[in-house]
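Let's take a friendly walk through this structure together. Have a look at it before reading on.

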Amino acid sequence: MVHRAGSVQSELRVGHRGLPRRTPDFHAVAVMSAILGGLFNSRLQMKLREEKGYTYGAGAGFDLRRHAGPFTARAAVNTDATAPALADLVAELRRMQDSAPSEAELRAARDYLVGVFPLRFETPGPVVAAVTGIVTHGLPADELERYRPAIEAVTADDVLAAARSHLDLERLGIVLVGDADAVTADVEALGLGELEVIRDEEAAPAD
């Protein structure tokens, strides 16, 4: 917990070491991430924004790099919602491992990923970046051609398997920025681990 005295909001970041781009189940991970926190009607959005009204927006996803990049889930909430929002966020990560997506969730995620794919190539810059990514990550030459059929082939069982394989709830790192004096007791009561509070104390006056 990074203390900001008097802050009216808390920034929440929850994550762990993620995956490289060349993960064998990349397409299932992409669909799983969209369902969890990549769509406007993702599980995190529906829980934290639509149902609870804690935030204007919540999201989650993997930053897939040549080597393992981070997985991060994030939200900004009112100070008094810090602990309950954090509890709900972690619960949604667990629910991804406990329950396969509904047909509606699966269809929405696949349709979104397939639908926005061509928009990535409207100008020369993104085209060059896509080709560069194939070389950088050592992907097959037909990677872009295979993308949409592979996304469309992802099943609910594939999504559940990806969540169980790649969401590491036992090794979550949690960073909060907000008014520690207002939220520490409630956050500690969640039992998510030992809470360290970091305070930027004012410099001591010169003699």
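Is phenylalanine 121 buried, partly exposed or exposed? At 25% relative accessibility, phenylalanine 121 counts as partly exposed; buried means under 20% relative accessible area, exposed over 50%, and partly exposed in between, using a 1.4 Å probe and protein chains only.

A word on the ground rules. This is a predicted model, where local features need pLDDT of at least 70, side-chain atom pairs count only at pLDDT 80 or more, and totals for chains, interfaces and linings use all residues. Residues are numbered from 1 along each chain as its sequence is written, and side-chain values use heavy atoms, with hydrogens and water left out.

The pLDDT (the predictor's confidence in each residue, from 0 to 100) averages 94 for the protein, and 97% of the residues score at least 70. Over residues 202-207, however, the pLDDT is below 50, and beyond near neighbours in sequence this stretch has zero contacts in the model (contact means heavy atoms within 4.5 Å).

Now turn to helix H6, residues 143-152, whose buried residues are Glu143, Tyr147 and Ile151. Seen down the helix axis, these buried residues fall within an arc of 65 degrees, so they line one face of H6; the arc is that of the directions from the axis to the C-beta atoms. They pack against helix H1 (26-38), helix H4 (103-116) and helix H5 (124-137). Helices here are DSSP runs (H or I, at least four residues), numbered from the N terminus.

Tyr147 also belongs to a cluster in which ring pairs link Phe117, Phe121 and Tyr147. Rings of Phe, Tyr and Trp (its six-membered ring) pair if their centres lie within 6.5 Å; planes under 30 degrees apart count as stacked, over 60 as edge-to-face and the rest as tilted. Phenylalanine 117 is buried, with a relative accessible area of 6%. The rings of phenylalanine 117 and tyrosine 147 have centres 4.5 Å apart and planes at 15 degrees, so this pair is stacked. Phenylalanine 117 sits in the loop between H4 and H5 and tyrosine 147 in H6, so the pair ties together parts 30 residues apart in sequence.

Charged side chains meet too: the structure holds 13 salt bridges, each a side-chain nitrogen of Lys or Arg within 4 Å of a carboxyl oxygen of Asp or Glu. In one of them, aspartate 142 pairs with arginine 146, the closest N and O atoms being 3.3 Å apart. Salt bridges that share partners join Arg21, Asp142, Glu143 and Arg146 into one network.

Conventions. Helix = DSSP H or I, 4+ residues; strand = E, 2+ residues; numbered from the N terminus.
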